Amino acid sequence: KLQQQQQERVPSSTTKCNSTEDFSRPIMEAWQTTSKDVMCATLLLCVRHWNFPLPRTACCPFHSSLLLLSSLTESLLRGQCRHNFLPIGDWQCRHCGLMKETEGMACDICGGTDNWSCI
């Protein structure tokens, strides 16, 4: 349904944002792609920093937060394209692929201390 809504908002001839093609290359080609598990973990870490509204009909706070995240994502999708949007940081955790801003600090997700730099 979301994909159909995206396609209705922006004609496919003007953007590739709505493409169903496989995401086969990382946005920052010098580094490895961050794993889906790590992406999910960092999304949950972000949501756990919010004091979000809990609807009376919610089955639980977890699913309520994910519904809110979905709603916020849909709202952002309606915005204009940002062609200069890039991950933050100039370092990456060698273990899990999380992008980092500071060399030498332990990874926020896996605790790893080995980094890759962009060369």
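Reader: How many helices and strands make up the secondary structure of the protein?

Author: Happy to start there. Helices (H or I, at least four residues) and strands (E, at least two) are DSSP runs, numbered from the N terminus. Here the secondary structure comes to three helices and three strands, and the elements run α-α-α-β-β-β from the N terminus on. Please keep in mind that this is a predicted model, where local features need pLDDT of at least 70, side-chain atom pairs count only at pLDDT 80 or more, and totals for chains, interfaces and linings use all residues. Residues are numbered from 1 along each chain as its sequence is written, and side-chain values use heavy atoms, with hydrogens and water left out.

Reader: How do I read the packing of H2 and H3, and at what angle do they pack?

Author: Two packed helices are described by the angle between their axes and the distance between the axes. The axes are lines fitted to C-alpha atoms, for helices over the stretch in contact, and angles run from 0 to 180 degrees between N-to-C directions. In this model, H2 and H3 (residues 61–77) pack at an angle of about 100°, with their axes 11 Å apart. That makes H2 roughly perpendicular to H3. As for the wording, angles under 35 degrees count as roughly parallel, over 145 as roughly antiparallel, 65 to 115 as roughly perpendicular and the rest as oblique.

Reader: Which residues in H2 and H3 meet?

Author: Contact means heavy atoms within 4.5 Å. From H2, Leu 43, Leu 44 and Val 47 meet Phe 62, Ser 65, Leu 66 and Leu 69 in H3. By class, the contact of H2 with H3 has six nonpolar, one polar and no charged residues. For those classes, Ala, Val, Leu, Ile, Met, Phe, Trp, Tyr, Cys and Pro count as nonpolar, Asp, Glu, Lys and Arg as charged, and the others, Gly among them, as polar.

Reader: Is Ser 65 buried or exposed?

Author: Buried means under 20% relative accessible area, exposed over 50%, and partly exposed in between (1.4 Å probe, protein chains only). Ser 65 has a relative accessible area of 4%, so it is buried. A polar atom of its side chain lies 2.7 Å from the backbone oxygen of Phe 62. Setting aside neighbours within four places in sequence, Ser 65 is in contact with Val 47 and Phe 52.

Reader: Where is Thr 34, and what does its side chain reach?

Author: Thr 34 sits in the loop between helix H1 (2–9) and helix H2 (36–47). With a relative accessible area of 18%, Thr 34 is buried. Its side chain reaches the backbone oxygen of Gly 97 at 2.6 Å. Apart from neighbours within four places in sequence, Thr 34 is in contact with Met 39, Gln 92, Cys 96, Gly 97 and Leu 98.

Reader: And Ile 88: which residues is it in contact with, leaving aside its neighbours within four places in sequence?

Author: Those are Met 99, Lys 100 and Glu 101. Ile 88 is found in the loop between H3 and S1, and at 55% relative accessibility it counts as exposed.

Reader: What share of the residues of the protein count as buried?

Author: Of the 119 residues, 18% count as buried. Among contacts with a separation of 6 or more, 39% are between residues 24 or more positions apart.

Definitions and conventions
Polar contact = N/O pair within 3.5 Å; in protein donor to acceptor, adjacent residues only side chain to side chain.
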